[in-house]
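Please read the following briefing alongside the sequence and the coordinates. It takes up model confidence, metal sites, a strand and salt bridges in turn.

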Amino acid sequence: MSEEIRKKTIGRREVLKTAMASAAVVAGAGSIASSAYAAKGGNGGGKPGGGGGGTSTRNPLYIPEIHSPVDYSITAEPGLFDHTQSGGPGTEVLTYNGLMPGPTFVLSRGLESRVRLTNGLDEETTIHWHGMVVDTPVDGHPSDAVHPGQAKDYNFPVIQRAAMNWYHPHPHTLTGKQVNLGLAGGYLIRDLEEEALGLPTGSHEVPLILRDALFDRGGNLNFKTSKSGFKGTTPLVNGTLEPRLDVDTALYRFRMLNGANARVFKLVLSNGAPFTVIGNDGGLLEAPVDVAEITISGGERLDLLVDFGGLKIGDTVMLQDLTSGWDMLEFNVTALASSSTTVPAASAFPTIDKYLVEDAVMVREFSFDGMNRINGLEYDMQRIDFRVPRNQLELWRFTTGGNAPHPVHVHGTPYQVVSRSGGRNQLFPWEAGWKDTVLLDDGETIEILIKFEDFGFNYPAEYLIHCHKLSHEDAGMMLNFEVT
Ligand code: C2O
Ligand code: CU
Ligand code: CU
């Protein structure tokens, strides 16, 4: 663990070394597919207006702009987004700086993230840095609400390994609504361990934020929740309706996030090709694994390689969700690649120190009951529900009496999933390594091992455990705890 998450106590020289190497990473390979690239008609997204799509009638995938989160100001505000990317005026959504999804932040480990949020909404909001190991004052806790017209600085050092994290609002009872209306963005951490693998970059590394959505008659994003939660009727990828991505015959790296309120996606490729899973919430796995079908619940991330190498110009491959029967994203082969990176050998991947069940000194049980309680408790912003000593390895057991899926998310540190019994009764390859969100389905018991290392924060530090089905979270399926 200590190799995985860099403590604030590392020597000054090491910090400098990391920062310098990091700067190189940001300047070079740090660039990923972006709208700027797409606008030039590259493979990253296709031109607005749908040109260059070959025979496809689908809309060019919007690729969020990339920004460094260093001294960056972001305003949460209403705006317009053209879900068809056809140059239209757009319809009403909530945006970060006019963008939906918000900008993709890219920063190297060892550097300091400094983002100022201004609240341009007519209700309170916060930014939570989902997956980032940060101190309580910048965790976006609902009790740290930023009121309309006010601003807050979220400054923290990036002390963890490369991964795709994300940011979204976390205000009391309003998270589902604000995320649904468009407030979310990706946050990629880079490091040398990742860079050493020589993975696809530039236009061949593409963030994919999957979600469902509901539109009103005017085509504006709409949020309607019932007791059982939100169910959108239309899939969006990066906010785009019926998207397509023009690709060449190379290997691509997809940084995928399920940003839906409640929906679990069970994904396949229409040509039967596998996804090569190389990472998840907490960064790289120990080896690449090929899977034909992959499940991703709200809040989870996947780092996937897909090879279009065997295809011809004009071929298309659809990313499909088996649960809803939706076509999520079409890959449209428009060019032959002159060269391509290959899937790195297993031996090139980092090793991950495994926690051992027998080393756990404490067992805690959490039952996710109904749609709004954990262990019989509804969320109370003022109440601390349990206390966890720093540097203590604990086994946490999640159970449910029904109303699943409950994607169980913990703030403050990643964890390792050790078992699932009942229900699907197995762990999946994409649940290896480090996780911060795990899918607890009906009938299942999941055990994780978790340890809050001493990161030099201001203790006691307050964090949350909650169901990432956002309507459950907002209804109260969430607890505060303190790391002491
Ligand atoms: Cu992404 Cu506390 O959540
Ligand atoms: Cu989180
Ligand atoms: Cu739930």
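The mean pLDDT of the chain (the predictor's confidence in each residue, from 0 to 100) is 90, and 89% of the residues reach 70 or more. This is a predicted model, in which local features need pLDDT of at least 70 and side-chain atom pairs count only at pLDDT 80 or more, whereas totals for chains, interfaces and linings use all residues; side-chain values use heavy atoms, with hydrogens and water left out. Residues are numbered from 1 along each chain as its sequence is written, while chains are lettered from A and ligands numbered from 1 in the order in which they are written.

**Confidence along the chain**

- Over residues 1–30 the pLDDT stays under 50, and the model has 52 contacts (heavy atoms within 4.5 Å) for this stretch beyond four places in sequence.
- Residues 36–51 also have pLDDT below 50, with 32 contacts in the model beyond near neighbours in sequence.
- Where pLDDT is low, the predicted coordinates should not be read in detail.

**Copper sites**

- Donors here are N, O and S atoms within 2.8 Å of the metal (3.2 Å for Na, K and Ca), and sites may look incomplete because water is not among the atoms.
- The copper ion (ligand 3) is coordinated by ND1 of H406, SG of C467 and ND1 of H472, at 2.0 to 2.1 Å, and its donors follow the spacing H-x60-C-x4-H along the chain.
- Because H406 lies in strand 28 (residues 406–410) and H472 in helix 5 (residues 470–475), this pair ties together parts that are 66 residues apart in sequence; helices (H or I, at least four residues) and strands (E, at least two) are DSSP runs, numbered from the N terminus.
- Both H406 and H472 are buried, where buried means under 20% relative accessible area, exposed over 50% and partly exposed in between, with a 1.4 Å probe and protein chains only.
- H128 in strand 7 (residues 128–130) and H409 in strand 28 are 281 residues apart, and the pair links distant parts of the chain; H128 and H409 are buried.

- Five of the five residues of strand 28 are buried, so the strand is largely enclosed by the rest of the structure.
- On one side of strand 28 are H406, V408 and V410, on the other P407 and H409, and all of these are buried, which leaves both faces covered.
- Strand 28 pairs with strand 30 (residues 437–440) in the antiparallel sense over four bridges, with L440 as the bridge partner of H406; two strands pair if DSSP finds at least two bridges between them.
- Strand 28 also runs antiparallel to strand 32 (residues 461–467), to which three bridges join it, and V410 stands opposite I465 there.

**Salt bridges**

- Counting a side-chain nitrogen of Lys or Arg within 4 Å of a carboxyl oxygen of Asp or Glu as a salt bridge, the total comes to 31.
- R244 and D246 meet in a salt bridge at 2.8 Å, N to O, and both residues are buried.
- In the salt bridge of K354 with E286, the closest N and O atoms are 2.6 Å apart.
- K354 lies in the loop between strand 23 (326–335) and strand 24 (362–369) and E286 in strand 19 (residues 283–291), so this pair ties together parts that are 68 residues apart in sequence.
- A network of salt bridges links R190, E194, E205, R253, R255 and D303.
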